[in-house]
Amino acid sequence: MSKDVYRLIGPGGNEMELPIRTGTAGPDVIDIGALYKTKGVFTYDPGFVSTGSCESDITFIDGEKGVLMYRGYPVEQLAEHSSFLEVSYLLLHGDLPTASEIEKFEQTIRRHTMLNEGMLNFFKGFRYDAHPMAMLSAVVGSMSAYYHNVMDASNPEHRDIFAHRILAKLPTIAAAAYKLNIGQPFIYPRNDLNYSENLLHMLFAVPAEPYEIDEVASEALDLLFILHADHEQNCSTSTVRMAGSSGANPYSAIAAGISALWGPAHGGANEAVLEMLEQIGDTSQIKKYVEKAKDKSDPFRLMGFGHRVYKNFDPRATIIQDMCHKVLQRLDRKDTPLFDLAQELEQVALKDDYFIEKNLYPNVDFYSGIIYKALGIPTSMFTVMFALGRSVGWAAHWREMIADPAAKIARPRQLYTGPAQRNYTPIEKR
Ligand code: ACO
């Protein structure tokens with residue numbers, strides 16, 4: 001939808017009108033698509049702080065008001081009433097499913113949980129201590145070898161099967177990576193269990209004895225997956241879109257997204273938060289570490305604090321904090337020093353002028369790691385858990401991009417600051 005125009009006045013009073021586009025919510029955007037062609041200039045926006053890269057009807061965030069909505073539904077409502085697979089259906093198809101639609105969808109996901117046996121051989125090649133995110137990215141990348149000739153991106157049915165495979169097989173790959181790390185045999189999926197129960201089974205069951213699934217643990221995981229399911233054009237999702245925009249096999253695009261998620265400024269923050277809390281050690285050290293975080297000459301940052309978009313509060317952090325209490329209480333965990341430490345650190349930082357002025361609040365990752373730890377999931381698997389939740393968002397965005405007639409290969413421009421043209425000097429004259 002177009003309403004008004006922006007008037008750009010360049011050198012010598014040279015004027016240009018730029019169309020303004022208005023979405024259903026959020027700030028208007030100035031369409032600069034014709035800028036280079038008509039005026040010969042690029043825009044400059046490192047980190048895409050003010051740049052919209054696409055049109056999307058999947059997820060909306062209002063960073064000032066702390067709003068997150070999937071397909072128009074506030075995340076708080078979905079967290080209270082929905083399940084991860086229902087949210088996945090919503091993200092992929094645009095509307096909440098009917099009873100028969102969700103039954104069929106759940107059945108489809110259950111039927112795709114097994115891996116091609118050949119894929120398990122990859123795990124034999126990794127060192128026992130390989131990071132599970134590296135294994136996840138590599139094995140998901142290998143899916144492009146298994147599903148290359150059968151993946152025609154222009155075929156909507158193939159796009160659906162791709163989304164189902166990603167959603168269903170990632171937990172199996174994640175659990176296999178974990179089992180390799182701890183030297184236990186790989187556990188096959190059980191299709192009678194729901195998504196989170198099946199993941200717990202594959203992570204914690206052993207062939208030697210029965211494994212009882214903890215209802216609280218599966219409820220907590222399901223909630224975390226809902227909260228991580230999508231977050232519009234974040235770093236990993238933009239990576240998936242960018243890699244996929246060249247027409248690359250979508251499984252490779254997801255592998256690229258997993259790699260992007262791993263960084264500590266993005267999904268790797270949940271692992272970094274736990275490491276930071278362990279480094280701080282006890283509440284007497286909080287002041288010292290808060291001062292370090294404020295010191296520009298010190299690279300230390302309060303992990304789990306701050307967000308590119310949320311400048312008031314992260315709605316996911318509020319929901320997670322409540323779940324954190326519930327999990328620790330219901331699992332009857334008395335030894336919660338890290339949680340106590342996290343709560344006190346949060347309070348100190350929230351009252352500190354530096355954090356107030358810069359709008360730095362706890363983000364989703366500040367508490368998620370504490371829940372994972374209470375569930376017995378090791379620190380190195382935290383970002384993998386994030387990837388499982390986000391996998392459906394990546395698939396939904398890839399599908400949206402591929403089906404969008406306006407989509408082009410993503411190809412940013414630059415401000416070149418290297419040497420101007422110079423002539424080649426023979427080696428003996430250098
Ligand atoms: N601790 C201390 N200072 C911080 C922190 C922090 N966690 N986060 C930001 N700041 C400061 C910066 O030093 C900067 O100060 P300056 O303006 O004086 O230079 C200012 O706040 C703005 O920070 P930027 O890094 O410029 O903000 P940006 O939007 O680029 O980064 C980010 C956001 C990467 C999340 C950042 O806040 C950060 O590194 N946080 C810690 C890592 C983390 O928790 N990441 C998870 C993000 S949520 C997710 O991916 C699910």
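Reader: Why does Lys294 count as partly exposed?

Author: Its relative accessibility is 23%. Buried would need a value under 20%, and exposed one over 50%, so a residue in between is partly exposed. Bear in mind that this is a predicted model.

Reader: What makes Lys294 and Glu291 a salt bridge?

Author: Their side chains come to 3.3 Å, N to O. The cut-off is 4 Å between a Lys or Arg side-chain nitrogen and a carboxyl oxygen of Asp or Glu, so the pair qualifies. Both sit in helix 13 (residues 286-294), and because they are three residues apart, about one helical turn separates them. Glu291 is partly exposed too, at 39%.

Reader: What makes Asp352 and Lys294 a salt bridge?

Author: Here the N to O distance is 2.9 Å, and the rule asks for within 4 Å, so this one passes as well. The pair links distant parts of the chain, 58 residues apart: Asp352 lies in the loop between helix 15 and helix 16 (353-357), while Lys294 is in helix 13.

Reader: And why is Asp352 called buried?

Author: Its relative accessibility is 13%. That falls under the 20% limit, hence the label.

Reader: Now Arg127 and Asp129: how do you know that they form a salt bridge?

Author: The closest N and O atoms are 2.8 Å apart, and since the limit is 4 Å, the pair counts. By this rule the count comes to 15 salt bridges.

Reader: Why is Arg127 called exposed, but Asp129 partly exposed?

Author: Arg127 has a relative accessible area of 56%, and Asp129 has 41%.

Reader: What makes helix 17 mostly covered?

Author: Ten of the eleven residues in helix 17 (residues 364-374) are buried. Among them are Phe366, Tyr367 and Tyr372. The buried residues of helix 17 pack against helices 9, 12, 14, 15 and 18.

Note on methods: Residues numbered from 1 in each chain as written. Predicted model: local features only at pLDDT ≥ 70, side-chain atom pairs only at ≥ 80, totals over all residues. Heavy atoms only, no water. Buried < 20%, exposed > 50% of the residue type's maximum accessible area, 1.4 Å probe, protein only. Helix = DSSP H or I, 4+ residues; strand = E, 2+ residues; numbered from the N terminus. Contact = heavy atoms within 4.5 Å.
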